[in-house]
Amino acid sequence: MVVKQEMAEIYPPAPEDLSEFLPETDCGKCGYEGCLAFAEAVLTAQKGARSCPDIDEELARLIDRIVGLKKEPIPYNIMMEQAPCELIEINGPDENSPLLVTCNFRETVAIMKYILEQTGSRAFLLPTYTHGYSVDNAVHERMFKALEVWKAIQDNTLSEKMAKDRLIMPGLAQSEKNAVRQLTRWEILVGPVSGFLTPLFLWENGLWP
């Protein structure tokens, strides 16, 4: 008998999330009645983002790269496998590049590294100690802690590496924003729930290479 492997959620982008990065004029020039319908067509590879006549060409290329990324779910049987809480440099970042905080679940770190590398994002990725829990589980189990974010910042001497004390937290950990800000005294931005939309978040916030 074949036992179906249970899989963990990886939060692929949803049409309503992607549409936030589109012009949102609902002009219909793309052949769809609105930007939400167009976003769904893009995510299902029925249309390329450049079919929108009002979108920036580089942004459209970035969206199409994100749509083409692999999005395989994660098996539950590898949960709790940990990555070291060491700073990861993606695509040659400099002191002005964004710092992205995540959990230390090995697969989450691998997925975020893959997304950033494949989209040409220049960034620092900082795993913080969550006992190997993924971000959603770490928040639920109260394992995504401001103290661990602060420790990771100190252990990796980030104040010496960054031009500005600013970090980006995953959208799933938004509830911890104030605690992290109060302890670290850093500026805190909250990224999207879907890690696949992180490059678009960087673009929108002027943090793109």
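These legends describe close-up views of a predicted model.

**View 1. A negative surface patch that includes E16.** The patch is formed by E16, D17, E20, E24, D26, E33 and E204. Of these residues, E16 belongs to helix α1, which spans residues 15-18. Its relative accessibility is 47%, so E16 counts as partly exposed.

**View 2. Strand β6, covered on both faces.** Strand β6 covers residues 166-169. In a regular strand, side chains alternate between the two faces of the sheet. On one side of β6 are R166 and I168, on the other L167 and M169, and all of these residues are buried.

**View 3. Pairing of strands β6 and β7.** Strand β7 (residues 187-190) runs parallel to β6, and 4 bridges join the two strands. Within this pairing, L167 is placed opposite I188 of β7. L167 is also one of the buried residues of β6.

**View 4. A nonpolar surface patch around W150.** L147, W150 and L183 make up this patch, with an area of about 260 Å². W150 sits in helix α6, residues 146-155.

**View 5. Q46 in a loop between two helices.** H131 lies 85 residues from Q46 along the chain, and the C-alpha atoms of the two residues are separated by 40 Å.

How values were computed:
Residues are numbered from 1 along each chain as its sequence is written. This is a predicted model: local features need pLDDT of at least 70, side-chain atom pairs count only at pLDDT 80 or more; totals for chains, interfaces and linings use all residues. Side-chain values use heavy atoms; hydrogens and water are left out. Patches are made of residues with over 30% relative accessible area and no salt bridge: like charges are joined within 9 Å, nonpolar side chains (Val, Leu, Ile, Met, Phe, Trp, Tyr) within 5 Å. Accessible areas come from the Shrake-Rupley method with a 1.4 Å probe; for residues, only the protein chains shown count as cover. A salt bridge is a side-chain nitrogen of Lys or Arg within 4 Å of a carboxyl oxygen of Asp or Glu. Lys and Arg count as positive and Asp and Glu as negative; His and the chain ends are not counted. The place of a charge is taken as NZ of Lys, CZ of Arg, CG of Asp or CD of Glu. Buried means under 20% relative accessible area, exposed over 50%, partly exposed in between (1.4 Å probe, protein chains only). Two strands pair if DSSP finds at least two bridges between them.
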